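This report concerns the salt bridges of one protein structure. Please consider the sequence and the structure shown here before reading on.

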Amino acid sequence: MKLSESWLREWVDPALGTDELVEQITMAGLEVDATEAVAGEFSGVIVGEVLSVEPHPNADKLRVCQVAGAAEVAQVVCGAPNARAGIKVPFATVGAVLPGDVKIKKAKLRGVESRGMLCAQTELQAGDDASGLWELPADAPTGQPLQRYLQLDDTLIDIDLTPNRGDCLSIKGVARDIGVLNRLSPDAPAIEPVAATIDDVFPVHIEAAARCPRYAGRIIRNIDIGRPSPSWMQERLRRCGVRSIDAVVDVTNYVMLEQGVPMHAFDLNTLDRGIVVRMATDAEPLALLDGQEVKLQADTLVIADHGKAVAMAGIMGGAATAVGETTRDIFLESAFFDPVGIAGQARSYGLHTESSHRFERGVDYRMQEQAIERATRLLLDIVGGEPGPVSIAEDAAAMPAGRQVKLRRERIHKGLGFEMPDAEVVDILCRLGLELIETQGGGWTFGVPSYRFDIALEEDLLEELARVFGYNRLPTTSFSTELRIKPNTESLLGLKAVRQHLIAKGYYEAITYSFVEPDLLKLFDPKAEPVELQNPISADMAVMRTTLWPGLVHALQHNLNRQQQRIRLFETGLRFVPSAKGLLQEAMVAGAICGERYPESWALKAGGVDFYDLKGDLESLLELTGNAIAFSFMAAQHPALHPGQSALVLKNGTEVGYIGTIHPQIQQRLGLPQPVFLFEIAQSAVAEAKLPRFRELSKFPEVRRDIAVIVDQSQPVERLLETASSKAGDYLQELKVFDLYVGKGIDPHRKSVALGLTFQHPSRTLTEDEINASMDAVVRSLEVEFDATLR
């Protein structure tokens, strides 16, 4: 928010220079982004009056002007399209120095003498309008120095307010804070009720009281819209970044900047019978002041008459009821809109206005009458008119309830680190506008003013005390406490170990948004009903993810599009799954790979990754738990994975994740040039590790026996291993598959699986009979359960 320092100092003028003032309000939480002079440095520029304009004899686009203001009438050659007799403009006389050290001298332009220069705003660095001469008000005193007339010895202060400080989005709000910091009372303009001279009242009916519990209005008849707003008002608006339009609009904007209460004025003769504050009907049309025509959504609050919507409440008025050149009667409105209901509405239509910016943050819900009275007085002074009485429609039950907050003395010491005297606590908070309701033995109860939407908790009062007392004045305290080292539970693996392991395997960690595009999520989890965001950052971040895969694949696709040929990514984060018990937030680990198996090298054989590369990486991760035997893989279907290349990951028979190749249809839909392999498992599955236990190494020899069995091709090898392990006895040390054969010499519907079994006794040498007995038990069980035959 930009504001004029000179305007601010009319309200409160502490004995501080500009830099000191900026530093003070920044340290109080109203951060100043920048300051800049209202105009560039110049001299010798006065208010000039163009007496006559004639065409240049030698140039079609130039004009010869006779300008009054200096000691004598001066002839000036000018090329501005709006140069005409009777206007008053900035006149740089001979000898003047303009910004950029431009010196004005006598000159001849195409053979005609020119003694001076008529200026645009940009040439004086006093604005952005470069379309022509800067036209000054008709009552500007001819010959007066421009800097004195426009009070250009001023500084613009650009304050970057946090969203909770909507009370400071006005001169009044900032002056109130400066007054508190410097123990000064702001010199606010007196707002006296304007007596009604007519009895006309425009009826107002509120249907959506929860969104608009209070609405004030007033009729003013027989205004003279042709009268311009005074130069001082136009200049203040310009310095705050608001363009002057006409006197009525200028007054409503001025009151908004001064008092912090947005207002709107309707052309009374375009309204049908009365005002109705209601919700829009779906796709209801409304032409806005900026020229757009929008189709309203059903959740949008509108100001309507009895025939149509005439404004988007708290955002922008409609073009059909706008004040124009023919307007004689107006209806002034000022309302309170619920900040939660207004939040996000403007952005949903691609809009952001000064009104919506304030209403979203909260506007004083008791200021509507004062804003109407202030605007009425200004309008009567400028355009005249006959005011009616102020009418107020209010639903008391829907109005914000007055808040009270308790503050304990002990909490001040704990929160701020020092004891603050009771008198100073009460003084600071009361100067901020809070009301002391009650003093208890251990603290106080304060009533919160209607303009402070950000104060609701005891911590908020501590923040107010700290910023007014001065953050830089808070004492520095060395803390002393007993620090006990928490026991390190060795059975907890920790996420850090998971990350380090995957990084060691060549993966890069990705961090993606928890918000994803609805259509993209539907590809990976078509049955999910994700949580929709009420106020999404953008349309492609509108729902909460139910799996980490969409963001991870999007990141992989981003890298493929930038010529990365070998990609390995992993992510740890939450997925958000709606359930009968509410929203489940599950911590997951997910990975995605594609491209070459190894980095390019003369020593390594080239080849693309496949399902088993990813499975091997996942199995190595599961080995970290020291309990890899608890995990198993079972063929299963998943809508995001290839039907023949997907598996369920189980831990002790319980589902903990999935692994597989991305579904070919999804690959084609996303335009992926090669297969992508994915896994996702719950972090809880790898969170616990089995503690290692010491076991003395056997001094006796190992014995290995190999067998090859022929089984049906559809038979999972994992089940063979489970059966063999359970029947091999207590002395089995290792069991592994070392060969798999399908082809010549074997039934085409069967396969040969070669198993290696290693036996060892801890305290003696195993006999041949013991080993043979174990091998016989293994073979018999395989024959019975799987119809296996020895090869």
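The following paragraphs describe selected salt bridges and the surroundings of their residues.

The model is predicted. Across the whole structure, a search identifies 50 salt bridges.

| Salt bridge | N to O distance |
|---|---|
| Arg165 and Asp167 | 2.9 Å |
| Asp427 and Arg183 | 2.8 Å |
| Arg704 and Asp706 | 2.7 Å |

The side chains of Arg165 and Asp167 meet in a salt bridge, and both residues are buried.

Asp427 is partly exposed because its relative accessible area is 25%, a value that lies between the limits of 20% and 50%. Arg183, by contrast, has a relative accessible area of 55% and is therefore exposed, the cut-off being over 50%.

Arg704 forms a salt bridge with Asp706. Arg704 counts as partly exposed because its relative accessibility is 39%. Asp706 is also partly exposed, with a relative accessible area of 43%.

Salt bridges with shared partners also build one network, which joins Arg165, Asp167, Asp177, Arg452, Asp454, Glu464 and Arg467.

How values were computed:
Residues are numbered from 1 along each chain as its sequence is written. This is a predicted model: local features need pLDDT of at least 70, side-chain atom pairs count only at pLDDT 80 or more; totals for chains, interfaces and linings use all residues. Side-chain values use heavy atoms; hydrogens and water are left out. A salt bridge is a side-chain nitrogen of Lys or Arg within 4 Å of a carboxyl oxygen of Asp or Glu. Buried means under 20% relative accessible area, exposed over 50%, partly exposed in between (1.4 Å probe, protein chains only).
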